[in-house]
Amino acid sequence: MHTMNASAIPLEPVDSFDYVIFGATGDLTMRKLLPALYRRFAEGQVPADARIVGTARSPLDDEAYRERARVALRQHLRPDEIIDATLNRFLRLVHYVSLNGADSAGNWDGLKALLASNASDERIRVFYLATSPDLYGDIARNVAEKGLRSDRSRIVLEKPIGTDLETARKVNDGVGKHFPENSIYRIDHYLGKEAVQNIIALRFANPMLERMWDRESIEYVQITAAETVGLEGRGGYYDGSGALRDMIQNHLLQVLTVVAMERPSSLDADALRDEKVRVLKSLKPLDPRNLGENVARGQYVQGNTGGKPVPAYREELPGEAPSNTETFVALKAEIDNARWRGVPFYLRSGKRMPEKLTEVVVQFRAGEPGLFGEARPGSRLVIRVQPNESVTLPLFVKHPGNGFGLDEVDALSPLGQPERIRYRDSYEGLMLDAVKGSPALFVRKDETEAAWEWVTPILEGWRNAADGPDAYEAGTWGPESARELLRRSGHRWVEDVAAWA
């Protein structure tokens, strides 16, 4: 396989910009957004006259905020990425305005004065909303009414976009009153991952796979996002969200659309997103009548992760109130169209799993008995999204020597080789795609609402159910009901297949 060091890949130049981050003292900004911009600056893609403007309620000045940013960058970047001279030059781009973005009476004059300097009217302005989604409409209104929005402005919305279909529409409509749809960038960082984007290339750049990518050749698909961690101090947020909202509605449904969509007419943003929306609208409904046979949910209890004992979910929550929030979801989705009718797509996500991984498993159908005796099991294409991005496709070859015994070998293509290539963090590309006005890897309004339209009946069914999530021991692959979900169709999760092999 021929690979190229990421630093050697020609970088598309970016025009001068002002990047205004609302929620600039929060965890997301410090852990992801600032490191992403620093990396792009270090590789020469961020212009020397760009400005990164943090806003939050904390009463800081430029120097105090820069020091916070310095500490965060040293904490969240690898030591070899930190070059003192580069870090100092980057921090000179960073400014801060103390401002409550949802309050129209705040220090908007201070932000306006900063943006108005340095011929700002000709610059691209990106407003990144790393705040609670219920503030998005108010912030968008204030940005527009205070005269900060220009023809070259974009607004980036972090997930979650709402908590159900009704609230998603409220968020979309609130922002849409003040920004046109073509300047609204709803971010899903899974779409920024190289391995997820590579699914498009695998499918449509390889005629062999493209011809086999349908119900005649594929038995089922599994999409897994597993985490070993628990709440990590996010109990307040997570207990109001749960695994279905936090991972399935956005990240895993986005991966499903990339796996299942029809060939787009081009790689143009709307051509890609049109096909993804068609997949979402073709999903068979899940509702209270069929949840029991198609959805499993769980909540972890005490167990062991990484060889260490860990507490139950309820013990990690602040306060004493019991909680029925799910920390694990597995579901069977079906796409009612000619290509996929009858092929189950199994989605699952959970906390306190045995290992951290995100992967797509495409199980091809078994062959017929023939020249080499018994039927050969179907090949299993595994696309590892994280960690150690790779594509694996087992093949049968002749065993060396006389006769025609067979060996199984892996056709393995590593997508990430740290010693040879650094694949960029998903936020790096997405943050500058917003600057460049490239929306292909962002989520369109109708995509967001189609996903919520499918997920909301599941939430309503759980809300009215007599029972709560099934218990599973921390450090395991979820409750028994998740395995039973597949057994009904004669299938197993990929780790169970390996154990039975």
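Residues are numbered from 1 along each chain as its sequence is written, and side-chain values use heavy atoms, with hydrogens and water left out. Because the model is predicted, local features need pLDDT of at least 70 and side-chain atom pairs count only at pLDDT 80 or more, while totals for chains, interfaces and linings use all residues.

**View 1. Glu43 and Arg40 are joined by a salt bridge.** A salt bridge is a side-chain nitrogen of Lys or Arg within 4 Å of a carboxyl oxygen of Asp or Glu, and the structure holds 40 of them. In this pair the N to O distance is 3.0 Å. Arg40 is buried at 1% relative accessibility, whereas Glu43 is partly exposed at 25% (buried means under 20% relative accessible area, exposed over 50%, partly exposed in between, with a 1.4 Å probe and protein chains only).

View 2. Arg66 is buried at 16% relative accessibility, but Glu63 is exposed at 52%.

**View 3. Arg339 forms a salt bridge with Glu262.** Their closest N and O atoms are 2.8 Å apart. Arg339 lies in the loop between strand S11 (328-334) and strand S12 (344-350), and Glu262 in the loop between helix H10 (242-260) and helix H11 (269-282), so the pair ties together parts that are 77 residues apart in sequence.

How values were computed: Helix = DSSP H or I, 4+ residues; strand = E, 2+ residues; numbered from the N terminus.
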